[in-house]
Amino acid sequence: FSESPPPVTALKACTGKSSKQCDVEKAAQLFRDVIYLMGRTSDVQETNLFFKMQSVSVQSISVFTKAFPTTPWMFVYRDSV
């Protein structure tokens with residue numbers, strides 16, 4: 001998936017809210033659920049999943065790492081011309 005809105009929307013569930021208003025564990029579970037639903041397939045041969053996230057999602061990297069602590073990820077910075 002390339003910059004699909006549902007994962008970013010889930011990641012931003014806690015953006016701008018105080019820790020009393022937002023449970024990061026619930027936000028991480030919401031993000032896991034969205035990724036699970038988007039990654040469902042009927043092809044048992046498929047074992048990998050790739051998401052290219054919008055740049056705005058970097059604000060919620062803590063939710064991403066809480067949801068998937070062992071998943072490899074990479075941040076790519078591109079200096080626009």
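1. Ser-57 counts as buried because its relative accessibility is 9%; buried means under 20% relative accessible area, with a 1.4 Å probe and protein chains only.

2. Before going on, please note that this is a predicted model, where local features need pLDDT of at least 70 and side-chain atom pairs count only at pLDDT 80 or more, while totals for chains, interfaces and linings use all residues. Residues are numbered from 1 along each chain as its sequence is written, and side-chain values use heavy atoms, with hydrogens and water left out.

3. The Ser-57 side chain reaches the backbone oxygen of Gln-54 at 2.6 Å. Leaving aside neighbours within four places in sequence, Ser-57 is in contact (heavy atoms within 4.5 Å) with Val-8 and Leu-11.

4. Leu-11 leads us to the core. The largest nonpolar core has 14 residues, of which Leu-11, Phe-31 and Val-63 touch the most other members. Such a core is a set of buried Ala, Val, Leu, Ile, Met, Phe, Trp, Tyr and Cys residues joined through side-chain atoms within 4.5 Å. At least two of its residues come from each of α1 (5–11), α2 (24–39) and α3 (61–67), and α2 gives the largest share, 6 residues.

5. Which residues does Val-63 contact, leaving aside its neighbours within four places in sequence? They are Leu-11, Val-24, Ala-27, Ala-28 and Phe-31.

6. Finally, look at Tyr-77, in the segment after α3. Tyr-77 counts as exposed because its relative accessibility is 64%, and exposed means over 50%.

Definitions and conventions. Helix = DSSP H or I, 4+ residues; strand = E, 2+ residues; numbered from the N terminus. Polar contact = N/O pair within 3.5 Å; in protein donor to acceptor, adjacent residues only side chain to side chain.
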